[in-house]
Amino acid sequence: MRRTLIAGCLVLLAAAALAHSRLGTTVPADGAVLAAMPAEIVLTFTKRLRLTRVRMTREGKSVDLDLGGAKGFATRFTIPLQGPGPGSYRIEWRGLAADGHAMRGAFSFRVE
């Protein structure tokens, strides 16, 4: 009986872990060095989620990016970007996975 209960718990934990979405790719790529400021960023996730916030930080100053076109659940989001030019940028995102779990992550790039 105890083994059955433990096995059942392990199956539930594994299913929960598989249900989470992860950030698959970004444009620009994490760690990229660019010659010019990109006009947009693209976030591609392994499973559907809803973005709740995307924040851009440069030289200690942060601004929330406009998610106007990024409503609802999706696997790919394109977000317009306006930056002051050269510098190191960190993009932090938050979202809600389809299974209800809060998700977050970040990536960085540099503009020379």
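I looked up Arg 90 and found it partly exposed, with a relative accessible area of 39%. The model I am reading is predicted.

I then checked what Arg 90 pairs with. Arg 90 forms a salt bridge with Glu 92, and the closest N and O atoms lie 2.9 Å apart. That pair counts as a salt bridge because the cut-off is 4 Å between the side-chain nitrogen and the carboxyl oxygen. I looked up Glu 92 as well; its relative accessibility is 31%, which counts as partly exposed.

Next entry: how many salt bridges does the structure hold? I noted four.

I went on to Arg 110. Its salt-bridge partner is Glu 112, with 2.8 Å between the closest N and O atoms. Is Glu 112 buried or exposed? I found Glu 112 exposed, at a relative accessible area of 57%. The label follows because exposed means over 50%. Arg 110 is partly exposed, and I noted 36% for its relative accessible area.

Last, I looked up Asp 64. Which side chain does Asp 64 meet in a salt bridge? I found Arg 55, with an N to O distance of 2.9 Å. Asp 64 has a relative accessible area of 41% and is partly exposed. For Arg 55 I noted 25%, also partly exposed. Arg 55 is not called buried because buried means under 20%.

How values were computed. Residues are numbered from 1 along each chain as its sequence is written. This is a predicted model: local features need pLDDT of at least 70, side-chain atom pairs count only at pLDDT 80 or more; totals for chains, interfaces and linings use all residues. Side-chain values use heavy atoms; hydrogens and water are left out. Buried means under 20% relative accessible area, exposed over 50%, partly exposed in between (1.4 Å probe, protein chains only).
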